[in-house]
Structures are given as C-alpha cells and as structure tokens.
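Please keep the sequence and the structure in view while going through the numbered points.

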Amino acid sequence: MDAALQPVFNIFKSKTCKFIIAGSLLIVSSELAYELYLWLRKVPKRKPKSCEVFFINRRKLVQPLPSPQEFLFEHINRIISYIDRAEKSICLAMYIFTMREISEAVIRAKKERSVIVRVVTCESMVGNEGSYLRDLITEDIKVQYKYKSEYLMHHKFCLIDTDWYCANCLIAYHTAQHGEPTKNMQHTLFDKAVMSDREGLLQRFGSSCARCNPALQGRKQATMLRKDDNDPLPKSGVLIAGSSNWTFPGLTTHWDTVTISSLPELIDPFAAEFQRMWYELNDPLDATLTREPLYKLRRGLQK
Ligand SMILES: [Zn+2]
C-alpha cells in the first residue's frame, strides 16, 4: 500500500470513524424505512368511474343522514359539481330548464372562468314561464333554437370540456357513421352543407381541432380559475345525459334517469350530434322577446 495513503486508512480504521459511519448508515436506513412506511400506508387514489347511472327517485342512504335539503338536492348538486369543474366548454341541449341553481352555475362558469357555453333548446321552452334560458341569454350566453319548428328539440344532455370537432373532423365522423350524404338527405341542412357548402361548414367550425391537431390537445383556458383543483374532470370531458329535464321534479322525484360518462364511445356521438344541431337550429334570436315569457306575448295575455 502507498505509504502516503496509510494515514487516511488509519483514520477509517479508528473506532471513532467506525462509530460515525455506523451512525450515519443507521440514520439513512431509518429515513428510508420511514419513507417506505409512508409510501405503503398511502391510501390508493380512487380511480374515477368512466360511467355512472343515477335514478332520480332513488337515493343513497348514507350515515350520518343528510339534511332534508341535501337529500332532495343530491342529483341537482351532482350536476352543479360537474358544471363548477368545467374549464373549457359547456355544450347543453336541454328541452326544459327551470333550475335556478344550475343556471347560476352555468353563468358562473362563463363569467368567472371564461368557459365557452353553447345552448340549444326548443323555441317553445325559451318563453316558458319558469325558464332560466332567458337568464342565460341575458348574460350573453349563446342560446340557439329553431323558430316555429314542427319538431321539438327534446334532448336532455350536456357535454362538459369535450373536444369540439372542426369541420373536416365533423364531416368525417358523420360520413363514417351514416355514409356519404345523398340527394335524399337534402332535407337536413347539415347534410346539404356537406354536399354543397363545405366552405360554410369550414367557416362555422374551423379547419383544425384537438382531434386532428395534436398541438391543440389538452389546451386549457388561459384564465382558469377552477372551483375545485383537487377533483378535476377527466381529460376527455364528461357527458351528462338521460331522460331528466333540468327541472326540480325532473331531478328530484320523477321516474327519470341521468347517466354521467367519460367514455369516448358515448361522448363522440353526442358531441358530433350537438354540432349538427348547432348548425341547424340557428335562427336569429330576438333578445328583447326573451325578457318576458314568450307564450304570454304570443297569446296576447300580456301587453
Ligand atoms: Zn379536426
């Protein structure tokens, strides 16, 4: 051994040094053991369900029992909690909408978090006496419907933070599902546009989206002020769909159902159909008429 290194080895051989090394190893190993203990006792994160079905007049009996108000509002509060977590968009197709608490959540999403809100409905229900659609319109939320249509817009679904189809992706989706539009399909404005007005569709829906352009995937609103950062929605968004109108009895006592899902197999068809309606149910809106119940004005019940 090199004589120059001998003093160094002597130090390591000394009792004091051995004691220090043993002590250090003990401290490090106890730290590691503690970290391992923390890791092992960590409660595994609950994997969110990709699909849940709720029956409106069926409730969970939990202990301690909820207050009568909480019990009654279980399904209403669930819908509000999803709307409160929206970061990008809310696309709502609703026939009757008379729930003030839900309309306030939709307005909060737009005003406080810059969420894009689009609503399609039935003209007959905009002027409905208890309708909160008028409140949305007053807050500059775009509410679209067909004027004097023979066919009700009878859907009850809502898409939250799902990806918007650009014109190319929307045409590709509809063509893959229903085939190339033919002359027999001229009666639908959307199919007519696919055949003869692709430029109009491009203007309406754009030429690029998160579905065809990876650079746009996962893009969030710049002014994101989500209410609950600990419980974000699934990345692909959620669909809330069922037989319930967003009315008090429709969400508390009726024989109705609501399904909430993040499955792409469910979200994609609803998202594509929403955009077909967004294209077709697009008559000019007279905002002044919406301030008072339309049905009263129409029937001469109110001057
Ligand atoms: Zn696209």
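Which residues of H12 are buried? The first point takes up this question, after a word on conventions. This is a predicted model, in which local features need pLDDT of at least 70 and side-chain atom pairs count only at pLDDT 80 or more, while totals for chains, interfaces and linings use all residues. Residues are numbered from 1 along each chain as its sequence is written.

1. Helix H12. The buried residues of H12 are Ile267, Phe270, Ala271, Phe274, Gln275, Met277 and Trp278. A residue is called buried if 20 or more other C-beta atoms lie within 10 Å of its own, exposed if 12 or fewer do, and partly exposed in between, with C-beta atoms placed from the backbone.

2. Overall content. The protein chain has 13 helices and seven strands. Helices (H or I, at least four residues) and strands (E, at least two) are DSSP runs, numbered from the N terminus. Of the 303 residues in the protein chain, 28% are buried. Among contacts with a separation of 6 or more in the protein chain, 76% are between residues 24 or more positions apart. Two residues are in contact if their C-beta atoms, placed from the backbone, lie within 7 Å.

3. H9 against H12. Two packed helices are described by the angle between their axes and the distance between the axes. The axes of helix H9 (residues 189-196) and helix H12 (residues 264-280) come within 9 Å and cross at roughly 90°. H9 is therefore roughly perpendicular to H12. Leu189, Phe190 and Ala193 of H9 make the contact with Arg276, Tyr279 and Glu280 of H12. By class, the residues of this contact are four nonpolar, no polar and two charged. Axes here are lines fitted to C-alpha atoms, for helices over the stretch in contact, with angles from 0 to 180 degrees between N-to-C directions. Angles under 35 degrees count as roughly parallel, over 145 as roughly antiparallel, 65 to 115 as roughly perpendicular and the rest as oblique. Ala, Val, Leu, Ile, Met, Phe, Trp, Tyr, Cys and Pro count as nonpolar, Asp, Glu, Lys and Arg as charged, and the others, Gly among them, as polar.

4. H8 against H10. The axes of H8 and helix H10 (residues 198-205) come within 8 Å and cross at roughly 120°. The two helices, H8 and H10, are therefore oblique to each other. On the H8 side, Ala167, Leu170 and Ile171 meet Leu201, Leu202, Arg204 and Phe205 in H10. This contact of H8 with H10 has six nonpolar, no polar and one charged residues.

5. H4 and H5. In helix H4 (residues 74-84), the residues His75, Ile79 and Ile83 are buried. Their arc around the axis is only 80°, which puts them on the same side of H4. The axes of H4 and helix H5 (residues 100-113) come within 9 Å and cross at roughly 5°, so H4 and H5 are roughly parallel to each other. Ile76, Ile79, Ile80, Ile83 and Asp84 in H4 meet Glu101, Ile102, Ala105, Val106 and Ala109 in H5. The contact of H4 with H5 comprises eight nonpolar, no polar and two charged residues.

6. Backbone features to inspect. The peptide bond from glutamine 63 to proline 64 is cis, with omega near -5°. Proline 64 is placed in the loop between strand E1 (51-55) and helix H3 (68-72). Two residues other than glycine have a positive phi: lysine 148, near 50°, and aspartate 161, near 60°. Lysine 148 lies in the loop between strand E4 (142-144) and strand E5 (156-160), and is exposed, with 8 other C-beta atoms within 10 Å. Aspartate 161, in the loop between E5 and helix H8 (167-178), counts as buried, with 23 C-beta neighbours inside 10 Å.

Notes: The arc is that of the directions from the helix axis to the C-beta atoms.
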